[in-house]
Amino acid sequence: MDLTGSTGGPGPAEGAADRFWLTAAIQLSRSCPPSSTAFSVGAVVVSARGQILGEGYSRRDDPHDHAEEVTFRGIDPEDPRLREATVYTSLEPCSSRASRPRSCTELILSTPVPRVVLAWREPALFVDCDGAERLTAAGRTVVERPDLAEDVREVNAHLLN
């Protein structure tokens, strides 16, 4: 699935627009190569006008890639649209990593993106994640959509059973 450059969606907003984009992120997570040591995650960065600035999923280009990392890799960090964009991620952004120097939470905080929407808090299977709390403490708006969490658990059922 390649959504980059798409203008076919609504601008980010609470309710149906958030559901639309978060469902797209969950759909991306279904493309992840399987892993017994990492979650399958999808992410999309959407401008205020509903244009996809970047998209990605875990392990897309490298076995250690996280979804947010892949997503931001394709976005110019100076893009002014980031100041009003929203990150949609199927799973809470990681707050610590063994495989790379920066967590996905730190990566998001290095951008001006003001809003993050997630479907499921990362369970303490591999690490004790506090990405949502760190983002909130740094002044970012974090919206959790637990109504979509079951879809994320389904994608990651191989880790949970």
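In the predicted model described here, R59 is buried, with a relative accessible area of 9%, where buried stands for under 20% relative accessible area, exposed for over 50%, and partly exposed for values in between (1.4 Å probe, protein chains only). The residue R59 is placed in the loop between β2 and α2 (67–73), and its phi is near 65°, a positive value in a residue other than glycine. Helices (H or I, at least four residues) and strands (E, at least two) are DSSP runs, numbered from the N terminus. Because the model is predicted, local features need pLDDT of at least 70 and side-chain atom pairs count only at pLDDT 80 or more, while totals for chains, interfaces and linings use all residues. Residues are numbered from 1 along each chain as its sequence is written, and side-chain values use heavy atoms, with hydrogens and water left out.

The strands are considered next. Five strands form an open sheet of mixed pairing, in the order β2-β1-β3-β4-β5, two strands being counted as paired if DSSP finds at least two bridges between them. The edges of the sheet are formed by β2 (52–57) and β5, each of which pairs on one side only, and neighbouring strands are turned by 15° against each other on average, direction ignored. Strand β4 (residues 115–120) and β5 run parallel and are joined by four bridges, and L118 stands opposite E144 in β5. Helix α1 (residues 16–29) packs on this sheet and touches β1 (42–46), β2, β3 (86–91), β4 and β5, contact meaning heavy atoms within 4.5 Å. The direction of α1 makes about 50° with that of β3; for such angles, axes are lines fitted to C-alpha atoms, for helices over the stretch in contact, and the angles run from 0 to 180 degrees between N-to-C directions.

The structure holds ten salt bridges, each defined as a side-chain nitrogen of Lys or Arg within 4 Å of a carboxyl oxygen of Asp or Glu. One of them joins R115 to D18, with the closest N and O atoms 2.5 Å apart; since R115 lies in strand β4 and D18 in helix α1, the pair ties together parts that are 97 residues apart in sequence. Both R115 and D18 are buried. A further salt bridge is formed by the side chains of R73 and D61 (3.0 Å, N to O), and because R73 lies in helix α2 and D61 in the loop between β2 and α2, this pair ties together parts that are twelve residues apart in sequence. R73 is partly exposed at a relative accessible area of 45%, and D61 also counts as partly exposed, at 48%. These two residues belong to a network of salt bridges that links R60, D61, D65 and R73. The side chains of D130 and R134 likewise meet in a salt bridge (2.8 Å, N to O), with D130 partly exposed at 28% relative accessibility and R134 partly exposed at 38%.

R140 is found in the loop between α4 (131–137) and β5 (141–144). This residue is buried yet has no salt bridge, the nearest side chain of opposite charge, E106, being 13 Å away; in this count Lys and Arg are positive and Asp and Glu negative, whereas His and the chain ends are not counted. The side chain of R140 reaches the backbone oxygen of I108 at 3.3 Å, and a polar atom of that side chain lies 2.5 Å from the backbone oxygen of V113. Leaving aside its neighbours within four places in sequence, R140 is in contact with I108, L109, T111, P112, V113, P114 and L135.

Note on methods:
Polar contact = N/O pair within 3.5 Å; in protein donor to acceptor, adjacent residues only side chain to side chain.
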